[in-house]
Amino acid sequence: MKTQNVLLTTFNVHHQNHYTSLALGYLKAYAVKDKLIQENANIEIVDFCMDCNSTEQVLFYLSGLKPDVIGFACYVWNTGRVLDLVRLVRQVMPDVRIILGGPEVGPVAEDILRSNLAVDIVVRGEGESTFSELLSFYIKEKSDLSKITGIAYRKGDTVVVAPDRPLIEDLDEIPSPYLTGAIYPKDQVAYLETYRGCPYNCAYCYEGKDYRKLRHFSAGRTRKELELFMKTPGITSFSFVDPVFNLNKAKVKELTGLITRTNERDVTLHTIEIASELIDKETVDAFKKAKVVSVETGPQSANVDTLENVKRSFNREKFAEGVRLCV
């Protein structure tokens, strides 16, 4: 077996170089549960900034670390940059294994592999268990990827798409990156996720199509993460990345109440994404007590025919009332 030097990296939009991706933290925290990986892989997370770091700077830095495996997290804002970098990485490090994952590449894995010969594997769907299995595969120096689900890969001139990997039903199987020390909360760019999935089925979004079922991290785990944020020196603001923070009114009450009770340092909740149609005065009052600074919401379109075509629900009166209450 060969020890693997593994890099997990991405380009973030935030201007703080010390922003550490929550997604990459999940990958590391899940992988190191495995004793084989603990003992035979060195996993390092390195984040870069879209505006602060040039592609050439990143290439130079990565090459100096001499990785065996590089995993790139791809999003709408950085996929072009990642693919440009990957082509250069392949030239400088011809033997490195390059894995892409994330919402912008997983659903179009075949196209990515066909048009980017430098890419070895694209992870489709949730990446934690898939990435862990890939690392075990490399450590054991196996050569046949056909038994690993949730990936697409190149076999000669053919692109192979493996069967889908089932979703992780119990999200607490994924250790908290914060509580395990895989990553550390940083001011203004600390993010929490309390559930995965979306009940809506908007045609332009993969969240509802691929993750219709809602799966929640346990309340106890979320409480511990929030308490850590509140106690960490230097944390003045954090955010939630839940697709719809106010989807469940009882849960909103629970979370905002916990924040209010534990917030001894005047920490603000920088932003949450909401469904405006579900907003009422009681919810807004709870947001204020939890020191919510901003909310994100949007109808996507005000055109009735467009909304119908993209399967986007929208109630004009309720939406407007929700926005009015939040102002």
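Before I go on, the ground rules. This is a predicted model, where local features need pLDDT of at least 70, side-chain atom pairs count only at pLDDT 80 or more, and totals for chains, interfaces and linings use all residues. Residues are numbered from 1 along each chain as its sequence is written, and side-chain values use heavy atoms, with hydrogens and water left out. Helices (H or I, at least four residues) and strands (E, at least two) are DSSP runs, numbered from the N terminus.

Now H6 itself. Helix H6 covers residues 128-139, 12 residues in total. From first C-alpha to last, H6 reaches 17 Å, close to the 16 Å expected at 1.5 Å a residue. That expected span is 1.5 Å times one less than the number of residues.

How much of H6 is buried? 11 of its 12 residues are, so H6 is largely enclosed by the rest of the structure. Buried means under 20% relative accessible area, exposed over 50%, partly exposed in between, with a 1.4 Å probe and protein chains only. Among the buried residues are Phe131, Leu134, Leu135 and Ile139.

H6 has a partner. Helix H1 (residues 22-31) packs against H6 at an angle of about 55 degrees, axes 9 Å apart. That makes H1 oblique to H6. Oblique is what remains once angles under 35 degrees count as roughly parallel, over 145 as roughly antiparallel, and 65 to 115 as roughly perpendicular. Axes are lines fitted to C-alpha atoms, for helices over the stretch in contact, and angles run from 0 to 180 degrees between N-to-C directions. On the H1 side, Tyr26, Leu27, Tyr30 and Ala31 meet Glu128, Ser129, Phe131, Ser132 and Leu135 of H6. Contact here means heavy atoms within 4.5 Å.

Second pair. H3 (residues 55-65) and H4 (residues 79-92) pack at about 45 degrees, with axes 10 Å apart. H3 and H4 are therefore oblique too.

Thr9 sits in strand S1, residues 4-12. Thr9 is buried, at 2% relative accessible area. Leaving out residues up to four places away in sequence, Thr9 touches Leu24, Val46, Phe48, Ile70, Gly71, Phe72 and Ala73.

Tyr200 lies in the loop between strand S9 (195-196) and helix H8 (206-210). Tyr200 counts as partly exposed, at 29% relative accessibility. Tyr200 and Ser313 are 113 residues apart in sequence, yet 8.0 Å apart in space, C-alpha to C-alpha.
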